[in-house]
Amino acid sequence: MTHRVLIAAELKSLLEPSQLSDLEITWLTARERTPKGDWEAIVPLLSRWVGGTELKHLPSLRIVANVAAGYNNVDVVAAEMRKVIVTNTPGVLTEATADLTWALILATARRLVEGVDLVRSGKWTGWHPEQLLGLELRGRTLGLFGAGRIGQAVGRRAPAFGLRLLYSARSPKPEFEQETGAARVDTSRLLAESDIVSLHVPSSPETTGIINRETLARMKRGAILINTSRGDLIREEALAKALELGQLGAAGLDVYAEEPTIHPRLLAAPRTVLLPHIGSATGGTRRKMAAIAIENVQAVLNGKPPLTPVYGQV
Ligand code: NAP
């Protein structure tokens, strides 16, 4: 029996024909609106909103298999009410995203982009004892806001750089603490004591706007903010202002509130390293993400439990 499914067209080259057996596929490009019809599954990218209207237009839908660890592009409450299963792709992107987080930590601490720009400008006049002075990591404090899969993977890389580790999460992580020497603290202490604050909580009603004028003011003067989680955790105008005033030392961001638009004031702010949402962008990881999404679809459409359902994760 074949099943009708909608799959993001951008995934085509990441999938093998053998993974797609028994599926009658409609490939959907990012520019196309979600159509109305009797499809049983949709495999969207995180840029496609799947809410009440889309669910209403797809009355036969049984699963939304999101190709991301985050799922803030899906109205999970509306889906649950319709008994539509929602799945994500956690785990396989943990190490790639942790690596990219470290790329941002090092790039902001040691002013990499400014250095590259200076060399490219042709205005570099040679070694100077006070040129592009940055932050030495050894002995500093890294604060992880969120210590799930990615937060912990970032933390496990920290001892090699001689960093002291703090973290905030809803529940304690004794094994992580034992392995890395990390200490669990409340958010106020995390913000006040960290030289680098790295965000690893999902986007949710409790975390949206968690980095705002008031919380930025509680950070150490000159501290670095890193975000590889979701853009809406940060009030971008407040962040731009903190950078303009030198209250914050630097910001390394991979994600934005209104992707692909970046707040113009943030785009113009000093001491930023801004990446185009490439946390999980390695070939192997992207293939595994696409594979898990399709495995979830195959399981659900064949009457089996999904591999990675999102209910109960937040
Ligand atoms: P995860 O394993 O579910 O970890 C989430 C962490 O956040 C957990 O430690 C959780 O605490 C904590 N948390 C949740 N809500 C909280 C709250 N209200 N206050 C304090 N802590 C809270 O997720 P993950 O796999 O590490 O991924 C984290 C996020 O990264 C995803 O949601 C996604 O948005 C983002 N991401 C981005 C990229 C990218 O391309 N840039 C790639 C992958 C993922 P408990 O452990 O106590 O529950």
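Which residue stands opposite A8 in β2? In the model described here, L28 is the residue of β2 that stands opposite A8. The structure is a predicted model, in which local features need pLDDT of at least 70 and side-chain atom pairs count only at pLDDT 80 or more, whereas totals for chains, interfaces and linings use all residues. Residues are numbered from 1 along each chain as its sequence is written, and side-chain values use heavy atoms, with hydrogens and water left out.

Strand β1 (residues 3-8) pairs with β2 in the parallel sense over six bridges. Helices (H or I, at least four residues) and strands (E, at least two) are DSSP runs, numbered from the N terminus, and two strands pair if DSSP finds at least two bridges between them. The two strands belong to an open sheet of five strands, ordered β2-β1-β3-β4-β5 with parallel pairing. Because β2 (23-28) and β5 (85-87) each have a single partner strand, they stand at the edges, and one side of each is left without a neighbour in the sheet. From one strand to the next, the twist averages 15 degrees. Helix α11 (residues 283-301) lies across β1, β2, β3 (41-43), β4 (63-65) and β5, and runs at about 165 degrees to β4. Axes are lines fitted to C-alpha atoms, for helices over the stretch in contact, and angles run from 0 to 180 degrees between N-to-C directions; contact means heavy atoms within 4.5 Å.

A further open sheet has seven strands in the order β8-β7-β6-β9-β10-β11-β12, again with parallel pairing. Its edge strands are β8 (183-184) and β12 (272-274), each of which pairs on one side only. Strand β7 (residues 164-168) pairs with β8 in the parallel sense over two bridges, and Y167 stands opposite R184 in β8. Helix α3 (residues 94-109) packs on this sheet and touches β6 (141-145), β9 (196-199), β10 (223-227), β11 (248-253) and β12; the direction of α3 makes about 150 degrees with that of β10. Helix α9 (residues 236-244) also packs on the sheet, where it touches β10, β11 and β12, and its direction makes about 135 degrees with that of β11.

Strand β6 pairs with β7 in the parallel sense over five bridges, and the bridge partner of L144 in β7 is Y167. Five of the five residues of β6 are buried, a term that means under 20% relative accessible area, with exposed being over 50% and partly exposed in between (1.4 Å probe, protein chains only). Both faces of β6 are covered, with T141, G143 and F145 buried on one side and L142 and L144 on the other.

In α9, the buried residues are E236, A238, L239, A240, A242 and L243. These residues pack against α8 (213-217), β10, β11, α10 (264-268) and β12. After α9 comes G246, whose phi is positive, near 75 degrees.

The loop between β10 and α9 holds I234, which counts as buried because its relative accessibility is 5%. Leaving aside neighbours within four places in sequence, I234 is in contact with L199, I211, L225, N227, L239 and L253. A257 is 23 residues from I234 along the chain, and their C-alpha atoms are separated by 7.6 Å.

Y256 lies in the loop between β11 and α10 and is buried, with a relative accessible area of 6%. Beyond its neighbours within four places in sequence, Y256 is in contact with G231, E236, T261, I262, L266, L274 and L275. Y256 and P276 are 20 residues apart in sequence and 8.8 Å apart in space, C-alpha to C-alpha.

The structure holds one cavity of 30 Å³ or more. On a 1 Å grid over the protein atoms alone, a cavity is a set of points where a 1.4 Å probe fits but cannot get out, and a pocket is an open set with protein on both sides within 12 Å along at least five of seven lines; lining residues have an atom within 4 Å of a point. The largest cavity has a volume of about 50 Å³, and its lining includes A107, R111, A250 and T272. Helix α4 (112-121) gives the most to this lining, with three residues. The second largest pocket holds about 520 Å³ of space; of its 17 lining residues, L46, S47, Y256, A257 and E259 are the closest to its centre.

How values were computed:
Grid points are joined across faces, edges and corners, and a volume is the space filled by probe spheres set on the points.
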